Amino acid sequence: MTAIFLKEEQIWGDKALDIIKKYGTKAAATDLAVLLGAWVSGSGYKTSEGDLSSPSWSASSDAYGDVRCVY
């Protein structure tokens, strides 16, 4: 299995991917994501259609070297 993590510049700003510019960062969490441990909660993490969503990991790290979450 291969996981692809986006970098900050692929998520925000002028260099964001076209799909993110068009739809934003909120997407429904797939069943596979939930099985692999996606953080889903009934409060605050829902798409405009009412599906549960989940913060995503990015390949960028913060000043402490921790992986960033995209909420």
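Phe5 lies in the segment before helix H1 (8-11); helices (H or I, at least four residues) and strands (E, at least two) are DSSP runs, numbered from the N terminus. This is a predicted model, in which local features need pLDDT of at least 70, side-chain atom pairs count only at pLDDT 80 or more, and totals for chains, interfaces and linings use all residues. Residues are numbered from 1 along each chain as its sequence is written, and side-chain values use heavy atoms, with hydrogens and water left out.

Phe5 has a relative accessibility of 44%, so Phe5 counts as partly exposed. The cut-offs are under 20% relative accessible area for buried, over 50% for exposed, and in between for partly exposed (1.4 Å probe, protein chains only).

Phe5, Trp57 and Val67 make a nonpolar surface patch of about 340 Å². Patches are made of residues with over 30% relative accessible area and no salt bridge; like charges are joined within 9 Å, and nonpolar side chains (Val, Leu, Ile, Met, Phe, Trp, Tyr) within 5 Å. A salt bridge is a side-chain nitrogen of Lys or Arg within 4 Å of a carboxyl oxygen of Asp or Glu. Accessible areas come from the Shrake-Rupley method with a 1.4 Å probe; for residues, only the protein chains shown count as cover.

## The chain as a whole

Three helices and two strands are found in the protein chain, in the order α-α-α-β-β along the sequence. The chain has 71 residues, of which 15% count as buried.

Contact means heavy atoms within 4.5 Å. Among contacts between residues at least 6 apart in sequence, 32% join residues at least 24 apart.

## Two loop residues

Ala29 sits in the loop between helix H2 (18-23) and H3. Its relative accessibility is 22%, so Ala29 is partly exposed. Ala29 and Ser54 are 25 residues apart in sequence, and their C-alpha atoms are 5.7 Å apart in space.

Lys46 belongs to the loop between helix H3 (31-35) and strand E1 (56-61). With a relative accessible area of 39%, Lys46 is partly exposed. Leaving out residues up to four places away in sequence, Lys46 touches Lys26, Asp51, Leu52 and Ser53. Lys46 and Lys26 are 20 residues apart in sequence and 7.6 Å apart in space, C-alpha to C-alpha.
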